[in-house]
Amino acid sequence: MKKMLLTATVAVAAAGIVLSGCAKKDTTKMIGIAMPETHVERWQKDGAALLEDATSKGYKAEVAYGDADQGKQNQQIQDFLTKGAKLLVVGSVNEGVVSAVSDAAKDNVVVIAYDRLITGSSDYDYYITFDNYKVGQFQGKAIETALDLPSATKAKPKYITLFAGSPTDNNAKVFFDGAMDILRPYVASGAVALVGPAPQKSSDPDFTKITTENWKADIAKTRMENLLNNDAAKVTLDAILAPNDTLARAIIEACSADDKYTSKLPVVTGQDGEVASIAAIRDGKQTMTVFKDTRSLAKATIELADAILKGETPNIAGARFSDTEYDTGKKLVKAYLLEPVIVTKDNYKAVMIDSGYYKESDIK
Ligand code: BGC
């Protein structure tokens, strides 16, 4: 009896080896996915989609969120390296990620900079993101159209206040420069009067006065409240350039508490197509957002990862190879760029719901 049991156990164990042997064949290569934060909704979608796509291509994959803390994210990257990851998809918190990227390079682990350029590093070759300059241009154009800027005059200017994203995120600069590409001529002619700090480009020293550390909503809300009580106290703002939806809603909240704006809010831009902002657009509180389909970015990234790991030449469906190079400060990298889509009250149903990104019932 004892012998039979033993035999059975050995047989089961042997079957286990065979099974894990098969599984191992499919999952020898691990992909580590490091996302920067969860307080901005999109990253949870990015993380989930990357994980699903990597797993369905037969990779072993893990995702970690850095909570906007670079030290924490570096630790997560070290853990991926310890576990033997062969490739890392990194949406970095800030430039402090370079030491972890350098450790990866020493281990011959490929790094793909995801959505955000990793600045200050020469230890990676791949960058995949959306056309972020175009995201900014969409924001600028939405203000231009909503305020009919071509008809505005110096005698009766439109009053606009500027906000930008995190000073440690290269994207924040690109969004701002894209938006100012559209707005700058109107500032020059006097048709637009900027209220508060008035940088014209992200390289202007005043840029840091309009940035929002780590894209935190409470920081933007407090800054908006201060503006309403100081620089903007004597005018009625026509528009606010807000870089993303999380900050747009914080800004709208601050304005809504001011008597001046209870019946008519300023035009407020955004980006990401967050569910609460889609509701705000439907309700006429937020003017627009820019949809960057995280499903497409994740899919393209895993296609890129798969090609790299198989030693094939990447040919990524739905992404164009950028004409310009992105300067990390240490090297130039070319990017795979996906197309953003402008979203307004007129097309939010087609873009956000018909595409299956949200269900109608999600928009509360
Ligand atoms: C992303 C935006 C996001 C922001 C804050 C940027 O790098 O491109 O989509 O809203 O970070 O998380």
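**Close-up views of a predicted model**

**View 1. Helix H10 and what surrounds it.** Helix H10 is followed by Gly284, whose phi is positive, near 75°. This is a predicted model, in which local features need pLDDT of at least 70 and side-chain atom pairs count only at pLDDT 80 or more, while totals for chains, interfaces and linings use all residues. Residues are numbered from 1 along each chain as its sequence is written, and side-chain values use heavy atoms, with hydrogens and water left out. Helices (H or I, at least four residues) and strands (E, at least two) are DSSP runs numbered from the N terminus. Within H10, which spans residues 275-282, Ser277, Ile278, Ala279, Ala280 and Ile281 are buried, where buried means under 20% relative accessible area, exposed over 50% and partly exposed in between, with a 1.4 Å probe and protein chains only. The cover over these buried residues includes helix H9 (245-256), strand S10 (289-291), strand S13 (341-343) and helix H12 (348-353), with contact taken as heavy atoms within 4.5 Å.

**View 2. An edge-to-face ring pair.** The structure holds six aromatic pairs, a pair being rings of Phe, Tyr or Trp (its six-membered ring) with centres within 6.5 Å, called stacked if the planes are under 30 degrees apart, edge-to-face if over 60 and tilted otherwise. One of them joins Phe175 and Trp215 edge-to-face, at 6.2 Å centre to centre and with 70° between the planes. The pair links distant parts of the chain, since Phe175 belongs to helix H6 (residues 170-189) and Trp215 to the loop between helix H7 (207-210) and helix H8 (217-229), 40 residues apart. Phe175 is buried at a relative accessible area of 4%, and Trp215 also counts as buried, at 4%.

**View 3. A tilted ring pair between two strands.** The rings of Phe321 and Tyr336 have centres 4.8 Å apart and planes at 45°, so this pair is tilted. Phe321 lies in strand S11 (residues 320-327) and Tyr336 in strand S12 (residues 332-338), so the pair ties together parts 15 residues apart in sequence. Phe321 is partly exposed at 44% relative accessibility, whereas Tyr336 is buried at 10%.

View 4. Of the 14 residues around the ligand, Glu37, Trp43, Asp115, Asp169 and Asp272 come nearest, a residue being near if one of its heavy atoms lies within 4 Å. An oxygen atom of the ligand is 2.6 Å from a side-chain N or O atom of Asp169, and for Asp272 the corresponding distance is 2.5 Å.

Note on methods:
Polar contact = N/O pair within 3.5 Å; in protein donor to acceptor, adjacent residues only side chain to side chain.
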